[in-house]
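I opened my notebook to look through a structure that is new to me. Here is what I looked up, entry by entry.

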Amino acid sequence: MSVKIAPSLLSADFAKLSAEITDAELGGADWLHLDVMDGHFVPNITFGPPLIKTIRKTTKLYLDTHLMISHPSQYVDAFIDAGSDMVTFHVEAEDDPKEVLTKIKAKGAQCGMVINPDTEASRLEPFLNDLDMVLVMSVFPGFGGQSFMPEVLPKIKDLRDLGFQGEIELDGGISPETAPEAIAAGATVLVAGSAIFGTADRRASIAAIRGANKEDSVAG
């Protein structure tokens, strides 16, 4: 399976956001990862549906919206209406996961759930049949620039052993140096922030991360 690269917009220069998105798209990005933080579930605050609506007008890239918020059930409709293709939310959030999944599916978007580094994959077992993707955090959510945590990688096998057949995304500390471990463990989507937007040549950076996958080494 060809690994997908999802640049994390949070690491982009927001003063020239449209140009940054275009640069990532032309550089070979498959998805665009949108980190939404509420200042409660995590200690940082980022952006909401109005910005995503603007982003949707800027790009045809698949918009992968990661809700790091306490009450996702209240907001999923707005994020989907703004143009999100996939909405993922944390199993650790305060709302009933089944309720949130039902709302996402009713709006016709794809749905995913997220587990933090200290949450076992088995916590998702009751929901796996309803998910298009599981996002495994390889750092604790809330801030960019953290170091990759290889100890979370066995969770990918755990998810497959539980019968999950959808996408498995890894987010946190992904770079050309850490991507080989993630891909070898079975990740199918890699989120990278500063490793892409923190470099001058986004095409080369995306190719370097994707190049860790031997199947993709010619593509770039």
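Is H66 buried or exposed? I found that H66 counts as buried because its relative accessibility is 0%; buried means under 20% relative accessible area, exposed over 50%, and partly exposed in between (1.4 Å probe, protein chains only).

**Ground rules.** I noted that this is a predicted model, where local features need pLDDT of at least 70, side-chain atom pairs count only at pLDDT 80 or more, and totals for chains, interfaces and linings use all residues. Residues are numbered from 1 along each chain as its sequence is written, and side-chain values use heavy atoms, with hydrogens and water left out.

**Confidence.** I checked pLDDT, the predictor's confidence in each residue from 0 to 100. The protein chain has a mean pLDDT of 93, and 94% of its residues reach 70 or more. Over residues 214–220, pLDDT stays under 50, and the model has nine contacts for them beyond four places in sequence. Contact here means heavy atoms within 4.5 Å.

**The whole chain.** I looked up the radius of gyration, taken over C-alpha atoms, with a globule rule of 2.2 Å times the number of residues to the power 0.38. For 220 residues a compact globule would come near 17 Å, and the protein chain has 16 Å, which agrees. The C-alpha trace spans about 40 × 40 × 30 Å along its principal axes. Of the 220 residues, 53% count as buried. Among contacts between residues at least 6 apart in sequence, 65% join residues at least 24 apart.

**The sheet.** I found eight helices and eight strands; helices (H or I, at least four residues) and strands (E, at least two) are DSSP runs, numbered from the N terminus. The eight strands form an open sheet with parallel pairing, in the order β1-β8-β7-β6-β5-β4-β3-β2. Two strands pair if DSSP finds at least two bridges between them. At the edges sit β1 (4–7) and β2 (31–37), each pairing on one side only. Neighbouring strands are turned by 25° against each other on average, direction ignored. Axes are lines fitted to C-alpha atoms, for helices over the stretch in contact, and angles run from 0 to 180 degrees between N-to-C directions.

**Strands up close.** I went back to H66, which lies in strand β3 (residues 62–68). Four bridges join β3 to β4, which run parallel, and H66 stands opposite T88 in β4. Beyond four places in sequence, the contacts of H66 include H33, D35, H90 and D171. All of β4 is hidden: five of its five residues are buried, so β4 is largely enclosed by the rest of the structure. M86, T88 and H90 cover one side of β4, with V87 and F89 on the other. I also saw β7 (residues 167–171) and β8 (residues 189–192) pair in the parallel sense over three bridges; E169 has V189 in β8 as its bridge partner.

**Helices.** I saw helix α4 (residues 97–106) lie across β4 (86–90) and β5 (110–115), running at about 150° to β5. Helix α8 (residues 202–210) lies across β1 and β8, at about 135° to β1. In helix α6 (residues 179–185) I picked out A182, which is buried with a relative accessible area of 0%. Among the contacts of A182 beyond four places in sequence are L153, I156, L170 and L190.
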